[in-house]
Amino acid sequence: MLLIFVAQTSLPSPADMRNYVWPILFGSVLFPENLLPFRMEVAIAGDLDLYQSKIAPLLKEKCTACHGAVRQEAGLRLDAAEMIRKGSATGSIVDLENPSESELIQRVCSESADERMPPPNEGVALKSEEIDLLRSWLAKGMPSPENEEVLASPKEHWSFRPIPQRTDGATIDSIISSVQSTRHLQPLPEADRYTLLRRVTLDLTGLPPTLEEIDQFISDKSEDAYQRTVDRLLSRPSYGERWARHWMDVWRYSDWDGYKEELRGSQRHIWHWRDWIIESLNANKPYDQMIREMIASDELYPLDSNRLRATGFLARNYHKSNRNIWLDATIEHTSKAFLGLTINCAKCHDHKYDPISQEDYYRFRAIFEPHQVRTDAMQSSTDLPGFPRAYDADPNAMTYIFSRGDDKHPIKEKGMEPGVPHQLPVNIPFEVSAVELPAAAYLPELTAASEKAELEKAWKRIDEANDKLGKSLAKARELDLSRSVSDARENSEAIKLELLKLREAEAALTSLKARFAADKAKHMTPPQEEYASTARTARELEQRWKMVEAELRVETATRGLQAAENSSVKDEKKRQQALDKAKKELEEARTKWKKYLDNDESVQLKDYTSLVKGYPKTTTGRRAALARWITDQNNPLAARVAVNHVWARHFGSPLVDSVFDFGLKSPKPPLMEVLDLLAGQLVESQWDLKQLHRSIVTSDTYRRASAGTPQTLARNHGIDPDNQLYWRYNVARLDAEVIRDGLLVVGGILEGYMGGPDIDEDSGEKVFRRSVYFRHAYEKQMTMMVLFDAASPSECYLRKPSVIPQQALVMANSELTRTVARKLAEHLRERNHGDRQRFVDDLFLTVLGRPVLPNESSASLNFLSQSAGEGNSNEASALQSLSHVLLNHSDFVSVR
Amino acid sequence: MSMAAEHAFSRRQLLVDAGLGFGSIALSSLLRQEGVIAQEPTDPKSLIKRIAPRAKSVIWLFMIGGTSHMESFDPKPALNEHAGKAFTETPFGDVLKSPFLSNERVVAFDPNNGFIRTQVYPLQVGYQKWGQSGLEISEWWPHVASCADDLCLIRSMWTEDSNHGAQLQFHTGRHRVDGFFPTIGSWVHYGLGSLNENLPQFVVMGTPVADCCGGQETHRANYLGPQYDGIPLKVDPKNPLPYAKPPADITREQQSNEFEFLKSLNQITSERFPDDEILRARIKSYELAFRMQMAIPEVVDFKDETKQTLEDYGIEQSETKSFGEQMLTARRLVERGVRFVQVYHGSNGGAGSWDAHSGLKNGHSKLCKQVDQPIGALIKDLKMRGLLDETLVVWASEFGRTPGSQNSDGRDHHPYGFTVWMAGGGIQGGIAHGSTDELGFHAVENRHYVTDIHATILHQLGVEPRSLHLPGRKRLERDFGTPITAVLA
């Protein structure tokens, strides 16, 4: 007897059981009791097996590429029995009475090339025994598993469908409450005002409310007090800092990554992009505009260095060792972040679920293929040393499909044109047109800012040389007095060298100025007439500089030889090696120098060295086309994905669980109507993010309490234990940054100034600026951030807060918490003139954002008395200790 | 909701609902106190059926990316014999028609790009018989193989996900698209009492699975509540535990007073919010943190280990240092009563280093070098100390690799048949249980889905796996798995 295992997932329904031949010993000897009923080893001779083992694989091999979930030629799908029964656009294709008459059979049998399926150029005809199998399956009435999985067709898939326009005045609350009432859920009432203020303040600004803000809100009895508070919070710069961090998670912000000084990933000075994010959010720049600037500022705003900073989004993907890894990351994360598509899954083969072919992957790659990263000087300021930005370096760069994703096997017969997935049911044109760049965009070396920066660098060398020379001269005077002949001789040699260095630095500056003049004359449109003479001057001055350089080399080598001769190295062999090397260097330097003195042809410059690197004068416009396509108001994905991200961060749980995958495997979310409502409003409002935040945080749904009566909680738990329908607000652990920033606020030590270079990640307990400004890169993250589940710099579309003992240790043992406890205790003691009760009242309000409860108050006073000891000799330390305890309170790191 | 609708909820319904979940236990207590319900709710833990334990702890070694079973613990001479041929040209072409193929929960829509590779790829490494048992194991695993007589190879594993979501599935028993569920380590933590109050019961070492494939959820507790999550431990003897000590001027007594008072404040809050699982977990985490401050640095301080031991684990060589330190720490943890030690190997921010679509020989030989010696040392060390009897070591990967070639020198993902091995903890040594077909394609004899491994672990630890569930959280039959009784000693 053939024993075959049936997967638990395809457990046959009772009706299907008839089709099985049950083994005689079923359930007794062969099968231990606890294996039943789900793990049956049954002998299959039945018809169900015919479908699963023969028919379905046959159809999959021969038909479903054109008649499946993704493509439905003639409106026909053959990838599930249910769909076969449904038939094609013209009707049924099966005739169970006369199977041979079925169109299904007729078409695979046909001898006409026009009729036969699969068409001759698409596949080999079915063999006669395969046709017999199909026929006998039909004759048996097409038995198939009841629960066969039917993939949704992309056209019908919820996220690919247009966002419906609602005109019925629906709101977040009206939609949710109707779903709740059909499920008999009883939503909790509005949270108390203390809880609400703390919640919304932390949510919108990442900082807890201060005592004064709490007082003000509680005493404001006006009806619109909450709305006005929301408006005020949204207008604070701290809003941008808070929400920038969220978007930095999604957009994979990373400071430069590398080993020691070697850059391996991302870019130096990429903090300019972080500042652009913060500034853009605070200015409420439309979300679609932000996307356009991040993907294609260099094509759309080639002279606007403020906007060019945004292309840090692309620069961040830089990968030193491998261009393919770089572009793969760009493709993967551009599509995940803005579209919720996993285009990356189609690198080696067509996407398994979604309408994205392997060709689509390389089309998408072709959009980015020409681009590279460079560092430009900021035009608004001469802050050294500029900012990283994207540009098209090679408009003719070819993209080839890599066979099975293997970059060692590019298919060179066919270069890929740039494009977006062809079969995605999103009907928006993708139109590329090349852009002629203005001169300042392809000649960034000649902008005033660059020139100033370069000249400053040259001046700095002169200053340094001057400085050293000055010191040696001063020393010479001292030595002259002390009359130490050998020291004086040594010093005078040093002076000689430093003089030469100064001359060299000066010659370099003179030459640099001349090179700028010549380059500018040359690239002026039309070229200036005096170009020839400026070029000549530049050549001469550079020649002179090179000559001083050669002289300096001789002097340096002479000193090097002296050092080698006087070396204290004991190892004779090493000593001799060093000596030989120094001699050789001196010899070479002298030979070269002599050539300069002799005006030898080999050292004569033919022309000056241009400062211009020669960037292309046009850019392909491919990325601009992509940015337009993504942000087209008919693209249903961009707005849905963005709303989901924003919602997830307001509520601690997203509407669509797979935040970066809205493809066919992402089931329709239970509150899709809410998602669509907000997505529609986002587009309609010209992508106004602050308006989106406002709609959400002023909703009743957002304002619900997280706690209620045991009866309500118990009943709601029974219906919706995971709160998928938002009958309560989710209690949540605060983000790592919010915890640290909150400490700084309650300690009164937060340094509020914004922007600037990334701060050393190890100085988080000494530098009291907001956490968003600290270095955030692979293996360069503040330990406290990591322990509280900060974003991984490589990917973090949604954080997953944990509760681990290491977090307790940070809060209990860090220097920072102690410092804050001390400052807080000192401040509140002074404020309350030593009154313990009032101290305790204020402490709870400051740290937890709510009034102290009577039992907490008495326990705290008790703790103070015990800690303060006899005669309250340790009052200060007792108050600090109590403050420290409260900073460790679970509610300090939570929002309710 | 109207009052009528309110009453429509029967008292019985309320009782059922009130028993739900964890926080609800506390809720139900309250309801009883208030006279809303009559009976004290049942603690679901009291429903756990205890059986005689055969082991105390588990060391769970997980290779991320999919280790080739043929080139490790299930060598197949037929691959060499038919190298380069299409499956259909071998006597084993039928593997492509097996109904087992439909276990895969996803379908490639383009038949030209299916994932089953059908051209035989020969073994990339030799193999031999080891020990008295003569188990056949590849030459990339000499140290583990030298413990052959203690190994129980389960060569007939299968899973459903042909992509790396299988990493999550291996730990929860559920396909990635079904969502997140408690992992085996968290069930062990939940189901068993603690043996050492100073250490976490479920420790995780190594860089976890990447977000693509389950991320932190491969060691989390999901609906069991965060207090049953695995606790990550970074083994760095120079900095054993960040923030392990308070500032110098804080005495332990002062710290202890603060912790105690903190607990009482948090308790007050917990009474107000009885179903707040996060708060409950945080209270526990503070208790543990206080004790861990002393205990953890001691665990990862190897100064009481002999030079020989450090050498055995490969801690002196750069390629085995990292995993060797983790293995030694694993032994020290179970020695001190930690229940479940989960160690990841091969995290690379994506699918995992073991994912040998190409360059299998080069990649696997390097990776095996990193782990083979430390794992071998662990088994021998446990045995020497008499700990192997009570420690169940499990080695696994999310799936195996295709018998057919991919990219000329690699193998694709393979969920239809692969190997997991166990050692110690009351499991027979020196046996191979179950088998794949001649190509190593399908598990054919004594087939086991991943939860059978979970069930076996729980069974050995003394918990009847079927008694583990929470009211209101439906577990499917498959979630429970079935202990593999045939391999029990």
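Let's start in chain A, where A:Trp247, A:Trp251, A:Tyr253, A:Trp273, A:Tyr287, A:Phe313, A:Phe338 and A:Trp687 come together as one aromatic cluster. Keep in mind as you look around that this is a predicted model.

Where do the two residues lie? A:Trp247 belongs to helix α10 (residues 237-250) of chain A, while A:Tyr287 belongs to helix α12 (residues 287-300) of chain A, so the pair ties together parts that are 40 residues apart in sequence. Both A:Trp247 and A:Tyr287 are buried.

Now move over to chain B. Here B:Phe73 and B:Trp395 make an aromatic pair that is edge-to-face, with 5.0 Å from centre to centre and 70° between the planes. B:Phe73 is found in the loop between β1 (57-63) and α4 (77-81) of chain B, and B:Trp395 is in strand β8 (residues 391-397) of chain B, so this contact ties together parts that are 322 residues apart in sequence. B:Phe73 is buried, and B:Trp395 is buried too.

In chain A, A:Arg769 lies over the face of A:Tyr753, at 4.0 Å from the ring centre. In chain B, look for B:Arg252: its charged end sits over the ring of B:Phe290, 4.2 Å from the centre of that ring.

Technical notes. Residues numbered from 1 in each chain as written. Chains lettered and ligands numbered in written order. Predicted model: local features only at pLDDT ≥ 70, side-chain atom pairs only at ≥ 80, totals over all residues. Heavy atoms only, no water. Helix = DSSP H or I, 4+ residues; strand = E, 2+ residues; numbered from the N terminus. Buried < 20%, exposed > 50% of the residue type's maximum accessible area, 1.4 Å probe, protein only. Phe/Tyr/Trp six-rings, centres within 6.5 Å; stacked < 30°, edge-to-face > 60°. Lys NZ or Arg CZ within 6 Å of the ring centre and 35° of its normal.
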